Amino acid sequence: MDLLTHDDIETLCLGATLLGTGGGGDPYVAKLLAQQALATYGPVRVVDPGDLPPDALVLTTAVIGAPTVTLEKIPAGTEFVGSVEALASYLGKEPAAIMSIEVGGLNTLVPIATAAEMGLPIVNADGMRRAFPQIEMTVFTLAGLPAGPLSIADEKGNQCVFKTTNNHVAEALARAAVIQLGMANAISCYPLTAGQIAEGAIVGSLTYCNEVAGLLEAVQRADEGAWERFLSESGSVEFFRGKVVDLDRRTTAGFARSTVILEDLDGSGDIMRIEVQNENLIAFRDGEAVITTPNLICMLDLETFDPITTEYIAYGHRVIVIGMPCAPEWHRPGMLELVGPEAFGYDDVDFVELPR
Amino acid sequence: MSPAGDSRDLRVGIDVGGTNTDAVVIDAAGEVLAAMKVATTPEPIDGIRSALDGVLVGLEHSRIAKAMLGTTHSANAIIQRRGLDKVAMLRLAAPSSLGISPGAAWPADIRAGVIGTTAIIEGGHEYNGKEIAALDTEAVKRLAAEAVRTGCRSIAVAGAFSPATTEHEIRAREILQAELGADFPVSVSYEIGSLGLLERENATILNAALLSVATGVISGFEGALAEHRLDVAAYLTQNDGTLMMAAEAGQYPVLTLGSGPTNSMRGACALAGVDDAIVIDVGGTSADAGILVGGFPRQSSAAIEVGGVRTNFRMPDLISMGLGGGTIVRDAGADLRIGPDSVGYDVATDAICVGGDVLTLSDVSLAAGRMTGFGDPARVATLDAEVVGGALGWVDEQISIVSERMKSTRAALPLLAVGGGAHLVPDAIPGVSEVIRPKHQSVANAYGAGIAEASGSVDRVYSYDASSREDCLDDARQLATDAAVRSGADPGQVRITTVTEVPMTYVPGGGCRVMVKAAGPLA
């Protein structure tokens, strides 16, 4: 995967939906955006951080706002370029490459469109290798790398740059700006050098996304042994096959919280409960937590093996629940405080490792 | 038999499918007085005329008050790329949305055939109703001129957040028709679809492309009614099983193109007198299973593609499986294989029970006494009992699995077996309270059209902090009810059929998208 073209996006989109772990925004719009940008501006080179000079500046870009708004306010493309340019201008330095902070959900593909439009390569790395709802929930935070200064831009040409003292303040200021700018904006944060990325990022996440998607495509084609190969090569574990028997959605403090109750298909009456806050966070089987954030909880449609996002789940939906291991880079001091169950208010739930 | 001449107590339901055109006459109690099935004709009016001829024999035409048509004719026009108008597309959203062109994900052949000129111009609204930009009225006029220059027959207009704020779409239509004449066809997206700009825009383009085809079908329908001296209120059935006045339906063909499966399921349930049931339609090659909840099919959560174009229509949630009357049975014992291939409609000549040489599920069904009235039992008398038992065991297992998958609770539900292969469905299924085989089920589609109701819906964003959730939901329920009454529903019998809430993540003020639908019988 040295050069990304229009034809590579479909597979990456499937991987992005899977790594969105139920949230991350529907990557369909981002797919069309990336395809159009690659067709218009030409292919994008994929580079490893080690391929760049250690002091080269790498800037990220991402959608920030409400996924529901993005369904109506389709991106222009210029807002992402604007966010990168605003931050570069503040820093007084041109970026050598673009990077995704979140390989999972729609923010996997958006930076590819921006890289095409700006004629820059994309770095094969990110800060999550899954979707999370907040800016500070990255391995960069664990490595002590600041989210700020950061920029927010809209499609009309409004731009602002924040200099921040910590990553939690960065999150709060960014959200406040977005509310004023129409809830579907671009953010550029974590301005890093290639050297910092080689050291502190999850390196290889775009290739990982592409590979797990390729394994899943084989399952969807019903290739012999493809499901077992998907599980073993991605290190995933199948936990449950069931159908949705209850669905409780509510909004609290800006997050889409919901509880999904699944009943198994074999009639034994086993229950799986999945707690969702934008992403699937904790899966309980018969009352016991069996998969916990930051490991990934993914629901796949039982017939099509398509990953299911929270917004589209419905009563009676028949699903397979798998646990996928989070990137090993997450396993550093501070992980549980930042992205473990307690970070989402589940104080009585302990993190559990996936069975091997 | 002959009530007072002034009594207008009957309705006619008509279904124009790809293969057959059916008609039924239904009385006020829902009884089928007459039913007729004829072959669908290239011009739909010919089939409609013969079907009407059949059902109206011996009836006083003056007793018929209403006629309802369900048809897949428009859907077939899209699938076959036949008779579609060239459309100019105007999107009101710039500077947002410039990153994705109209028609971006369409199959190349239909895009080339349907989409003429396109423009994304300044206009459209934010989630909170503010303008993204003032509507660029000069650009609207330029699009009008370009549409004429490129030979477009109609124009589709889609603006950001138009389901919530219709203002710019309405003004754009006024400008276009001031430029091109009040008769120039303009489809606006807020009348077509719900939130999701790209999908709603796609649906609006398809709608504009189908206007000529739809006009043909509706004038055929109205022409056939006039020829039979039927002075009736004429309706078309929509994708969700509710009605639209025929005169209005000519402007909204995409809203009626997917009514077939809905009419079939609703018709079967009404014929059986149940509101909640699993429905299995077994044909020659495959079986489709669906479920009705409160008289309406449960809808699929997946995006629906029409002719390869992604839309945000809601369609019934169906599971298909390779199980039908013509499904081929091979080998025996541990090697017994059933399907997935089928002789399809050739079962009438190729099956063993009619003198052919292919062992099918119909032969097995006849040998076991499930099927009657087709084929010669003597021809299957020598079939290996193990093969018969094994094949029917497989059938029973498949039907049990699919009915269990369809249910969303443990409670036992009735199951309706319809279609030419319904004899395969066993009389006892785990988790099913009873298996019902409705009378007149071969014209379930036309019956479903005949009993369709009027409906209204609302889809908008509320702030649960500005007023309470209950107040917001009450408002949405009232708006949907009012809309249903405006569509002709009896105010005393309107009921809310669905309420869906989708919280808007990150939006302050408890923003929530609320979708409510109401329906009721015609007044």
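Tutor: The largest nonpolar core holds 278 residues, and those with the most contacts inside it are Leu109(A), Ile14(B), Val87(B) and Ile155(B). A nonpolar core here is a set of buried Ala, Val, Leu, Ile, Met, Phe, Trp, Tyr and Cys residues joined through C-beta atoms within 7 Å. Buried means that 20 or more other C-beta atoms lie within 10 Å of the residue's own, with C-beta atoms placed from the backbone. In soluble globular proteins, nonpolar side chains tend to be buried together.

This is a predicted model, in which local features need pLDDT of at least 70 and side-chain atom pairs count only at pLDDT 80 or more, while totals for chains, interfaces and linings use all residues. Residues are numbered from 1 along each chain as its sequence is written, and chains are lettered from A in the order in which they are written.

Leaving aside residues up to four places away in sequence, Leu109(A) touches Ile9(A), Leu12(A), Cys13(A), Ala16(A), Pro27(A), Ala30(A), Lys31(A) and Ala34(A). Such a contact requires C-beta atoms, placed from the backbone, within 7 Å.

Of the 523 residues of chain B, 53% count as buried. Among its contacts between residues at least 6 apart in sequence, 68% join residues at least 24 apart.

Over residues 1–5 of chain B, however, the pLDDT is below 50. Where pLDDT is low, the predicted coordinates should not be read in detail. The model as a whole scores ipTM 0.89 and pTM 0.87.

Methods. Buried ≥ 20, exposed ≤ 12 C-beta atoms within 10 Å, placed from the backbone. Contact = placed C-beta atoms within 7 Å. pLDDT = per-residue confidence, 0-100.
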